Amino acid sequence: MADKPIRADKATAVAELTESFRSSGATVLTEYRGLTVSQLTQLRRSLGADTSYTVAKNTLAKRAATDAGITGLDELFTGPTALTFVSGDVVEAAKGLRDFAKANPKLVIKGGVFEGKAISAAEVTKLADLESREVLLAKLAGAMKGNLSKAAALFQAPLSKTARLAAALQDKREKEGAEAA
């Protein structure tokens, strides 16, 4: 298939798709059979600015994926296929697709590519189930802050024990001095 010559307009389309495969952090393949143009427009808007939803011919998309060095997607290029190229937060895009697919069952998530490796539809759903990057970073910061507070208390404990011991010794000496007098 890769050795067949293609027309100039198709070569341009393949080059654009290849560049999209290479520049995106993830790509999700979906089947959009039965969705209206207004539903597809709504989906594109819900995915955000860092994500593009592109309808492409299977043969051109297959060739672009091969040219980009991506393998394992050939069986997904059946039926009407749309490619979701994600440049931003992959989890947010996966959540957007999952939520849209729940509201519109005609959208079927077939699988995709994440960090250069082919993933199944179930793995895309797992990505969607993750919390967003900001939430995970906030949890990490909270955990680190808690551990730092514990460490500060641990380091401060010997000092406060020493201060209490010195105060107790001083009280004992004053008490003994008062008894001796």
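R7 is exposed in this predicted model, with a relative accessible area of 51%. The residue forms a salt bridge with D9, in which the closest N and O atoms are 3.3 Å apart. D9 is partly exposed, at a relative accessible area of 47%. This pair belongs to a set of 3 salt bridges in the structure.

Another of these bridges joins the side chains of E31 and R33, with an N to O distance of 3.0 Å. E31 counts as buried because its relative accessible area of 18% falls under the 20% cut-off. A salt bridge is also found between the side chains of R98 and D99, at 3.3 Å from N to O. Here R98 is buried, with 18% relative accessibility, whereas D99 is partly exposed at 40%.

Helix α5 spans residues 121-129, and its buried residues are V124, L127 and A128. These residues lie on the same side of α5 because they cover an arc of only 100 degrees around the axis. K126 and D129 are exposed on the other side of the helix. The packing partners of the buried α5 residues are the strands β1 (26-31), β4 (108-114) and β5 (117-120), together with helix α4 (90-103).

L137 is located in helix α6, which comprises residues 133-180. This leucine is partly exposed, with a relative accessible area of 43%, and therefore passes the accessibility criterion of over 30% for patch residues.

Conventions. Residues numbered from 1 in each chain as written. Predicted model: local features only at pLDDT ≥ 70, side-chain atom pairs only at ≥ 80, totals over all residues. Heavy atoms only, no water. Helix = DSSP H or I, 4+ residues; strand = E, 2+ residues; numbered from the N terminus. Buried < 20%, exposed > 50% of the residue type's maximum accessible area, 1.4 Å probe, protein only. Arc of directions from axis to C-beta. Contact = heavy atoms within 4.5 Å. Salt bridge = Lys/Arg side-chain N within 4 Å of Asp/Glu carboxyl O.
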